[in-house]
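These are my notebook entries on one structure.

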Amino acid sequence: MPELPDVEGFREVLMTCGRRRRVTDVEVRDAGVLRGVSAQRLRRELKGRRLGEAWRHGKWLFVPMDDGPTDGGGPTLVWHFGMTGSLRCCSPDEPVERHDRVVLTLDDSRHLRYRDQRKLQGLQLVDEAQIARIVDGLGPDALTVRGPELRELLSGRRRAVKSALMDQSVIAGLGNLLCDEILWRARVAPRTPARDLSDDEIRRVHVGMGRVLETSVRAGCVPPRRSWLTGHRDDSEPTCPRCGRPLCSNRVGGRRTVWCPQCQK
DNA sequence: ATAAAGTCCTGAAAGC
DNA sequence: TGCTTTCAGGACTTTA
């Protein structure tokens, strides 16, 4: 699930539910989601501290605690949601579920719950240097990328355009569904070598990216609309919502890729 | 049982 | 030849 739009949604959950709230309790129900921090240390460092302004880069979510780095000194809580993570704001009487791995209790008694079926990524507690290390490994956030910059990012790369767009060190935030949707909108075949795109194709990819992201961020996910490619991925005999011809499904860059061979040359 | 919206690592192939 | 880029595969993990 979690691509840029989902993580942006989780950021909003934090801002509306958690901002300036003090953490009164930390329950680690499954330490398998903790990266580089013990349950004990997480508890110790978070309890009594307030949640600061959450920010996002690509699929990463950063929450400075109190006097954290962006405020001046303490730790920053970092989330990566892997494929199945989510962050939810709950009333305490809502029953805790099996995959709720970490529960933060806030000073208004509400819960911030990290739910994650597969524990592929998870939480970290980091300092300024570690934040820099994470962000340095990422390309610019997809929401901030302009047309000329996109051309620069793709230029000279011979790999398939889909796998370049999926590469977080090239551009941060796009995942499998978004890339397929964007390329379908732009009428660009996913296997086209990135450096072979014409200026017009790059412009179309950029416009498609903007539109798809805007709608998806508003929805908090890549919406499975029937007028979108995404709404047809799981059909038994998927057809293109634009031209009605059958869609192709195959591996590109190791990921399942769906496209319309008619519309995307 | 196969595959899943994510990332990391390895070894090997391909390209310049 | 040598360096860089890219790819394929497997690993992590759980469930439909």
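**Entry 1: charged pairs**

I began with R43, which forms a salt bridge with D25; their closest N and O atoms are 3.3 Å apart. The pair links distant parts of the chain, since R43 sits in helix α2 (residues 39–46) and D25 in strand β1 (residues 23–28), 18 residues apart. I noted what the term covers: a salt bridge is a side-chain nitrogen of Lys or Arg within 4 Å of a carboxyl oxygen of Asp or Glu. Helices (H or I, at least four residues) and strands (E, at least two) are DSSP runs, numbered from the N terminus.

The model is predicted: local features need pLDDT of at least 70 and side-chain atom pairs count only at pLDDT 80 or more, while totals for chains, interfaces and linings use all residues. Residues are numbered from 1 along each chain as its sequence is written, chains are lettered from A and ligands numbered from 1 in the order in which they are written, and side-chain values use heavy atoms, with hydrogens and water left out.

R43 has 34% relative accessibility and counts as partly exposed. D25, at 28%, is also partly exposed.

Next I looked at R110, which forms a salt bridge with D108, with 3.1 Å between the closest N and O atoms. R110 is partly exposed at 31%, and D108 is partly exposed at 25%.

D234 is exposed, with a relative accessible area of 72%, whereas R256 is partly exposed at 31%. I also found that E8, R11, R56 and D141 are joined into one network by salt bridges that share partners.

How many salt bridges does a search of the whole structure find? It finds 27.

**Entry 2: a sheet**

I then traced an open sheet of four strands, ordered β2-β3-β4-β8 with antiparallel pairing. Two strands pair if DSSP finds at least two bridges between them. β2 (55–57) and β8 (122–126) are the edge strands, each pairing on one side only.

Strand β4 (residues 76–80) runs antiparallel to β8, and five bridges join them. V78 has Q124 in β8 as its bridge partner.

Helix α1 (residues 4–18) lies across β2, β3 (60–64) and β4, running at about 20° to β3. For such angles, axes are lines fitted to C-alpha atoms, for helices over the stretch in contact (heavy atoms within 4.5 Å), and angles run from 0 to 180 degrees between N-to-C directions.

**Entry 3: two domains**

Chain A is divided into domain 1 (4–136) and domain 2 (142–259); the bounds come from an automatic or database domain assignment. Their centres, taken over C-alpha atoms, are 30 Å apart.

Nine residues of domain 1 are in contact with 14 residues of domain 2. About 800 Å² is buried between the domains, and carbon and sulfur atoms give 70% of that area. Buried area is the accessible area (1.4 Å probe) that two parts lose on being put together, summed over both. L4, P5 and K59 supply 62% of the area that domain 1 buries against domain 2, more than any other three residues.

I looked for salt bridges across this interface, and the rule finds zero.

Conventions. Buried < 20%, exposed > 50% of the residue type's maximum accessible area, 1.4 Å probe, protein only.
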